[in-house]
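Thanks for coming. I will go through one model today, starting with how its parts are divided and then how they meet.

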Amino acid sequence: MIYLDNAATTPIAEAVRKAMEPFLASIYGNPSSTHEAGRQARQAVERARRTIAEWLDCDPRDLIFTSGGTEADNAALVGAYLARQQDRKHIVASAVEHHAVLHALSFLESLGAKVTLVPVDRRGFVDPADVVHALQPDTALVTVMAVNNELGTVEPVDEIARLVKRRDAQIIVHSDMVQALPVQRIGLARSDLDMATFSAHKIHGPKGIGLLYVRKHTPWQPILYGGNQELKRRGGTENVAGAIGFAAAVDALRDRFADHVAHLAALRDAFWASLADEPGVHRLSPPDAAPSILNVAFAGVRNDVLLMRLDLEGVMASAGSACTAGSLEPSHVIQACRLDEHVREAVRFSFSWQNTMEEVEQAARVVKDCVQLIRSRFTIS
């Protein structure tokens with residue numbers, strides 16, 4: 001099996017699993033309890049928070065543990081809107097955001113929000129000038145992802161935040177940085193971002209744990225109530241083992257970050273070099289995309305057919321869009337990029353530091369064989 005769907009999730013690292021084990025067995029206290037077992041758990045959670053905050057260059061008190069990136073995105077957007085809805089109801093987002101953002105925005109529209117989706121070019125790139133142009137006197141929030149989860153496009157979020165704040169310092173700026181965490185050295189203290197979201201399972205950490213960064217004094221209110229956890233910002237017993245796993249994954253990332261990124265770039269480039277001579281192949285990811293993601297299309301080859309064939313051959317990839325009722329839903333990202341001719345052909349291959357050069361070279365051979373086989377039997381209808 002060759003796993004090239006790391007943008008969806010990554011296998012948990014051995015060091016992460018070992019770090020979590022005690023908190024799944026002997027250290028089982030509730031962090032809100034005042035007895036010794038509870039204090040042990042509380043101290044462990046706070047150590048994990050400090051570890052992650054150091055890597056993200058932010059105040060640990062500005063980090064809120066969540067159940068993952070989706071909850072963090074929802075909490076960021078809904079919480080910011082609720083805090084500002086009395087005088088500001090307008091939100092600006094890019095057209096290529098993750099569904100965790102887009103669906104949350106649809107919910108906010110049902111509450112009275114006005115949403116402007118900024119278009120992108122064929123690379124999936126958001127022009128900062130277009131974001132500024134979309135601002136209105138009652139804009140409450142701007143949200144633009146840092147790295148696109150389908151194309152790997154790196155968005156200029158720091159520049160966007162700076163320009164937005166220059167226009168109106170009261171606008172809250174958020175970025176979904178889930179796909180950026182594995183490949184970018186993030187410095188929140190040096191950024192004008194007010195909020196950002198992260199998830200552990202993209203960096204070989206556990207599923208079910210994420211983070212919401214909310215800079216001090218940002219207008220925002222919680223969306224989960226029922227306890228005083230997370231400084232009263234998210235009710236519910238903390239996922240202690242998950243927090244420990246997240247911190248362990250960050251430790252592993254930090255220790256070899258430059259090597260990991262270079263390895264990803266080498267894997268991506270070797271994989272593309274092996275595919276580039278295949279007739280009718282199109283690289284949809286831009287040349288300067290994040291090294292973890294490569295989106296390609298093979299003319300005349302349906303992505304659902306190719307993915308099923310690859311799965312049979314032991315190569316796992318993705319179309320970067322949802323499967324519902326047995327049919328592949330067209331990618332909103334590919335459509336927003338006006339790449340409609342490839343909307344049923346686009347396939348995302350995504351890499352992690354655990355992949356080897358031998359794996360990607362073998363996978364490229366399998367992909368080419370499958371494409372040729374499919375072309376001899378099927379065509380796009």
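The domain bounds I use come from an automatic or database domain assignment. This is a predicted model, so local features need pLDDT of at least 70 and side-chain atom pairs count only at pLDDT 80 or more, while totals for chains, interfaces and linings use all residues. Residues are numbered from 1 along each chain as its sequence is written, and side-chain values use heavy atoms, with hydrogens and water left out.

The assignment gives domain 1 as 2–8 + 256–379 and domain 2 as 14–252. Their centres, taken over C-alpha atoms, are 28 Å apart.

On the overall picture: the protein has twelve helices and 14 strands, where helices (H or I, at least four residues) and strands (E, at least two) are DSSP runs numbered from the N terminus. The C-alpha trace spans about 65 × 55 × 40 Å along its principal axes. The radius of gyration is 21 Å, which agrees with the value near 21 Å for a compact globule of 381 residues; this radius is taken over C-alpha atoms, and the globule rule is 2.2 Å times the number of residues to the power 0.38.

Now the interface. Counting contact as heavy atoms within 4.5 Å, 33 residues of domain 1 touch 29 residues of domain 2. About 2,400 Å² is buried between the two domains, with carbon and sulfur atoms giving 55% of that; buried area is the accessible area (1.4 Å probe) that two parts lose on being put together, summed over both.

How many salt bridges are there between domain 1 and domain 2? The count is one, a salt bridge being a side-chain nitrogen of Lys or Arg within 4 Å of a carboxyl oxygen of Asp or Glu. Arg122 also pairs in this way with Glu341, with 3.1 Å between the closest N and O atoms. On the side of domain 1 that touches domain 2, helix H9 (257–275), strand S10 (293–298) and helix H11 (332–336) each supply at least two residues.

Over the whole structure, the search finds 25 salt bridges. Arg42 sits in helix H2 (residues 36–56), and Glu238 in the loop between helix H7 (229–232) and helix H8 (240–255), so the pair links parts of the chain 196 residues apart.
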